[in-house]
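The entries below follow the order in which I looked things up.

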Amino acid sequence: MPAEYPYERVTNELRRRIRTGIYKPGEKMPSRAQVAAEFGVSDIVVGTAMRTLKAEGLTESLTGIGTFVADPLPND
């Protein structure tokens, strides 16, 4: 099985944190800089992960404010 791409690793972990309630509905997500530092990846990688979560309906972005966990979360 091929190794995960960095954006997949970040996406999968953030998705897990949302689905398990570590990041709760309506809660502000960590900044892109925080996520990049935690995972040791570039801002581009984090941006791809965040866009993926948004496309899945797990997050919502407010320009100039940040990214929040969707409330309510979509069903699996």
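Entry 1. I began with helix 2 and helix 3, whose axes come within 9 Å and cross at roughly 110°. Angles from 65 to 115 degrees count as roughly perpendicular, and so I wrote down helix 2 as roughly perpendicular to helix 3. I noted that the model is a predicted one, and that helix 2 passes helix 3 in a right-handed crossing. On the side of helix 2 I found Arg32, Val35 and Ala36 making the contact, and on the side of helix 3 I found Asp43, Val46, Gly47 and Met50. Sorted by class, this contact of helix 2 with helix 3 has four nonpolar residues, one polar residue and two charged residues.

Entry 2. I then turned to helix 1, residues 6-19, and its packing against helix 2, residues 32-39, where I read an angle of about 110° and axes 11 Å apart. That angle makes helix 1 roughly perpendicular to helix 2, and the crossing in which helix 1 passes helix 2 is right-handed. Helix 1 brings Arg9, Val10, Glu13, Leu14 and Arg17 to the contact, while helix 2 brings Val35, Glu38 and Phe39. When I classed the residues of this contact of helix 1 with helix 2, I had four nonpolar, four charged and no polar ones.

Entry 3. The remaining pair I looked up was helix 1 and helix 3, whose axes come within 8 Å and cross at roughly 45°. This makes helix 1 oblique to helix 3, and I recorded the crossing of the two as right-handed. From helix 1 the contact takes in Pro6, Tyr7, Val10, Thr11, Leu14, Arg15 and Ile18, and from helix 3 it takes in Val45, Thr48, Ala49, Met50, Thr52 and Leu53. The residues of the contact of helix 1 with helix 3 divide into nine nonpolar, three polar and one charged.

Entry 4. Next I asked which residues lie nearest the centre of the largest pocket. I found Arg32, Met50, Ser61, Gly66 and Thr67 there, within a lining of 13 residues, and I noted a volume of about 180 Å³ for this pocket. Two of these names were already in my first entry, as Arg32 of helix 2 and Met50 of helix 3 take part in the contact between those helices. Helix 3 (43-55), strand 1 (59-62) and strand 2 (66-69) each supply at least two residues of the lining, and the largest share of the lining, four residues, comes from helix 3. By class I listed three nonpolar, six polar and four charged residues in the lining of the largest pocket.

Methods:
Residues are numbered from 1 along each chain as its sequence is written. This is a predicted model: local features need pLDDT of at least 70, side-chain atom pairs count only at pLDDT 80 or more; totals for chains, interfaces and linings use all residues. Side-chain values use heavy atoms; hydrogens and water are left out. Axes are lines fitted to C-alpha atoms, for helices over the stretch in contact, and angles run from 0 to 180 degrees between N-to-C directions. Angles under 35 degrees count as roughly parallel, over 145 as roughly antiparallel, 65 to 115 as roughly perpendicular and the rest as oblique. A crossing is left-handed if the near helix is turned anticlockwise from the far one by less than a right angle, and right-handed if clockwise. Contact means heavy atoms within 4.5 Å. Ala, Val, Leu, Ile, Met, Phe, Trp, Tyr, Cys and Pro count as nonpolar, Asp, Glu, Lys and Arg as charged, and the others, Gly among them, as polar. On a 1 Å grid over the protein atoms alone, a cavity is a set of points where a 1.4 Å probe fits but cannot get out, and a pocket is an open set with protein on both sides within 12 Å along at least five of seven lines; lining residues have an atom within 4 Å of a point. Grid points are joined across faces, edges and corners, and a volume is the space filled by probe spheres set on the points.
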